[in-house]
There are 2 protein chains.
Amino acid sequence: MAENKRGKQSFVLPQMPVITAWASVAGKRESEGPLAHTFDLTSKDTYFGQKSWEQAEKQMQKLALNKLLEKAKLKPSQIGLVYSGDLLNQCIGSSFTLRNTGIPHLGLYGACSTMAESLVAASMAVCGGFADKVVAMTSSHFASSERQYRFPLGYGGQRTPTAQWTVTGSGAALLCSAGIGPRIDSCTIGTVTDLGIKDANNMGAAMAPAAYATIKAHLADMHRAPEDFDLIVTGDLGQLGKELLMELARRDGIYLGGRLADCGTMVFDNTVQDVHSGGSGCGCSAITLCGELLGKLQKGKLRHILFCGTGALLSPTSTQQGLPIPGVCHAVSIIGGCN
Amino acid sequence: MAENKRGKQSFVLPQMPVITAWASVAGKRESEGPLAHTFDLTSKDTYFGQKSWEQAEKQMQKLALNKLLEKAKLKPSQIGLVYSGDLLNQCIGSSFTLRNTGIPHLGLYGACSTMAESLVAASMAVCGGFADKVVAMTSSHFASSERQYRFPLGYGGQRTPTAQWTVTGSGAALLCSAGIGPRIDSCTIGTVTDLGIKDANNMGAAMAPAAYATIKAHLADMHRAPEDFDLIVTGDLGQLGKELLMELARRDGIYLGGRLADCGTMVFDNTVQDVHSGGSGCGCSAITLCGELLGKLQKGKLRHILFCGTGALLSPTSTQQGLPIPGVCHAVSIIGGCN
């Protein structure tokens with residue numbers, strides 16, 4: 001058994017799930033950035049018409065799910081399963097999005113790795129024949145994250161140079177057993193890696209070792225080299241974390257060089273948007289994937305990418321108790337072009 | 001495709017995953033209750049030798065995982081994947097348990113439904129051949145939960161009659177593609193159900209409609225009747241929620257009667273332990289399953305059970321913002337006896 005397993009952490013998908021549709025919703029700052037033209041919906045209202053930032057986050061997921069259904073020409077009753085999670089305590093962004101929709105739901109928690117984690121889980125469900133038309137979805141919101149993880153915005157706390165800016169956005173992708181679109185051929189599940197970083201304002205450094213461990217595991221398990229990919233894209237290490245990842249790889253003689261991109265550095269233009277080390281949050285890799293990346297894979301502008309969702313598994317309590325920040329990274333190998 | 005799907009929410013497992021080993025760790029009050037003899041490890045120290053209740057919860061998961069490995073005669077490097085989650089913000093109980101173990105990890109959030117959710121996810125991974133030797137695990141801790149969801153214990157808040165007592169405990173189960181032990185033949189994934197209950201001290205009422213919806217879906221999707229099971233066991237509605245579930249079923253002409261049990265009412269003896277409406281928390285159904293229930297299935301004292309993990313998907317923030325409590329329930333059909 002485990003006939004689809006490869007190596008220690010990876011598995012292949014003999015019947016490759018097809019990403020037949022995707023949708024993204026983004027906030028004001030994101031809609032002023034370099035990927036603005038790739039989002040389906042944007043809003044200048046931080047509250048998305050709701051009474052609280054937490055409800056705004058729920059609303060973004062709702063908008064993303066509805067847009068996805070519209071693009072795929074499906075009704076909620078035709079969706080087999082939604083895998084989703086978010087950064088809010090007890091993942092209320094996800095559960096309040098799905099309440100009374102009648103759609104089966106399995107909740108995930110992988111911090112900012114959740115978009116990749118949901119694709120990994122959805123791939124197993126679709127390829128194994130356990131469900132079809134499976135949605136992978138997540139979100140984050142700058143204001144709800146700042147309030148929960150750091151300080152209330154009204155406090156006016158100073159941001160450190162290594163801090164990242166939580167993306168306000170939500171992305172959703174539909175995985176089907178058949179259809180036209182980019183296909184997932186294999187996945188690598190991450191291990192929780194902790195090198196002792198304790199600075200909650202330097203999450204790129206906390207996550208870079210996890211990202212490198214998973215990329216290395218994928219290359220080994222699948223007998224691949226960086227050259228097999230047009231792009232190895234992490235989400236989201238930010239500028240500093242990206243440099244640390246390149247250095248970790250270089251020490252092992254692996255040159256990621258021009259092939260490496262990071263959603264945190266793609267989503268904002270730091271020369272004019274002043275986001276310090278780049279974007280972060282579950283929504284960061286979600287809106288970059290469900291727009292720019294899947295769009296280019298669909299059009300054949302990218303042929304093969306390794307999408308590596310990275311998450312910092314801290315909580316305010318663990319930080320206050322002086323504990324380090326464990327990181328995790330899950331990798332999804334996505335093939336573009338016509339099929 | 002989706003050849004293993006049944007009906008709207010269920011799937012069957014043609015190669016039934018075998019639960020070859022399980023382990024449970026429990027706290028002081030649990031070790032004074034009716035299931036005391038079924039736990040592998042118990043402690044009279046609420047801190048489990050750690051400096052905080054959050055770290056105590058991590059320690060319980062570590063002890064449960066280590067005990068599971070010992071019973072299964074496996075090293076950590078032989079474990080293909082761990083699905084786990086807990087109630088702590090950002091699921092730090094789970095991520096800190098797994099850091100630097102080298103074991104691939106996918107984090108889940110399903111509130112108190114997490115034990116069932118992890119079995120559902122693990123079943124797909126094992127039956128689909130994506131991983132083997134997969135652990136499903138969760139935990140909860142009375143003191144860390146009270147502090148996070150309600151009041152600091154030192155505050156001495158009064159408990160309402162409908163309140164449940166969060167179990168201090170952790171349970172872990174090992175799913176393999178082959179071996180001897182109880183087998184999982186099918187699962188039903190729940191939908192997020194919300195009938196407008198807003199009382200965070202009455203979670204049984206908030207979860208009962210979700211439990212009924214999933215049990216009904218399992219019976220319909222799998223063409224089964226309550227009589228096909230020795231036990232339909234929810235975890236954890238408590239006394240009040242259990243009565244509400246029976247009433248909801250009765251109105252549809254379904255008599256669950258003597259077949260229905262609830263982990264929240266099994267784990268404590270309310271006549272002497274003063275836990276009001278019964279036990280709750282991810283650990284409640286985890287230690288009841290990974291002791292009493294799997295033990296009886298192994299010995300053939302139970303032939304077939306439907307294990308229904310129920311979760312209240314609230315957060316303190318959603319409650320403070322006046323929002324209702326959505327519920328979810330996932331069902332796992334487990335066959336006992338020799339195989």
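This section describes the nonpolar cores and the salt bridges of a predicted model.

In soluble globular proteins, nonpolar side chains tend to be buried together. In the present model, the largest nonpolar core comprises 108 residues, and those with the most contacts inside it are Tyr83, Leu119 and Phe307 of chain A together with B:Tyr83, B:Leu119 and B:Phe307. Apart from residues up to four places away in sequence, A:Leu119 touches A:Ala136, A:Ala173, A:Leu175, A:Ile184, A:Leu289, A:Phe307 and A:Val332.

Side chains of opposite charge can pair when their charged atoms come close. Over all chains, 24 salt bridges were counted. In one of these, A:Asp40 pairs with A:Lys71, with the closest N and O atoms 2.9 Å apart. A:Asp40 lies in the loop between strand 3 and strand 4 of chain A, whereas A:Lys71 belongs to helix 1, so the pair ties together parts that are 31 residues apart in sequence. A:Asp40 is partly exposed, at a relative accessible area of 26%, and A:Lys71 is also partly exposed, at 37%.

A further salt bridge joins A:Arg224 to A:Asp185, at 2.5 Å between the closest N and O atoms. This pair links distant parts of the chain, 39 residues apart: the loop between helix 5 and strand 11 holds A:Arg224, and strand 10 holds A:Asp185. Both A:Arg224 and A:Asp185 are buried.

A:Asp194 counts as buried, because its relative accessibility is 7% and buried means under 20%. B:Arg99 is partly exposed, at 25%.

Conventions
Residues numbered from 1 in each chain as written. Chains lettered and ligands numbered in written order. Predicted model: local features only at pLDDT ≥ 70, side-chain atom pairs only at ≥ 80, totals over all residues. Heavy atoms only, no water. Core = buried A, V, L, I, M, F, W, Y, C linked by side-chain atoms within 4.5 Å. Buried < 20%, exposed > 50% of the residue type's maximum accessible area, 1.4 Å probe, protein only. Contact = heavy atoms within 4.5 Å. Salt bridge = Lys/Arg side-chain N within 4 Å of Asp/Glu carboxyl O. Helix = DSSP H or I, 4+ residues; strand = E, 2+ residues; numbered from the N terminus.
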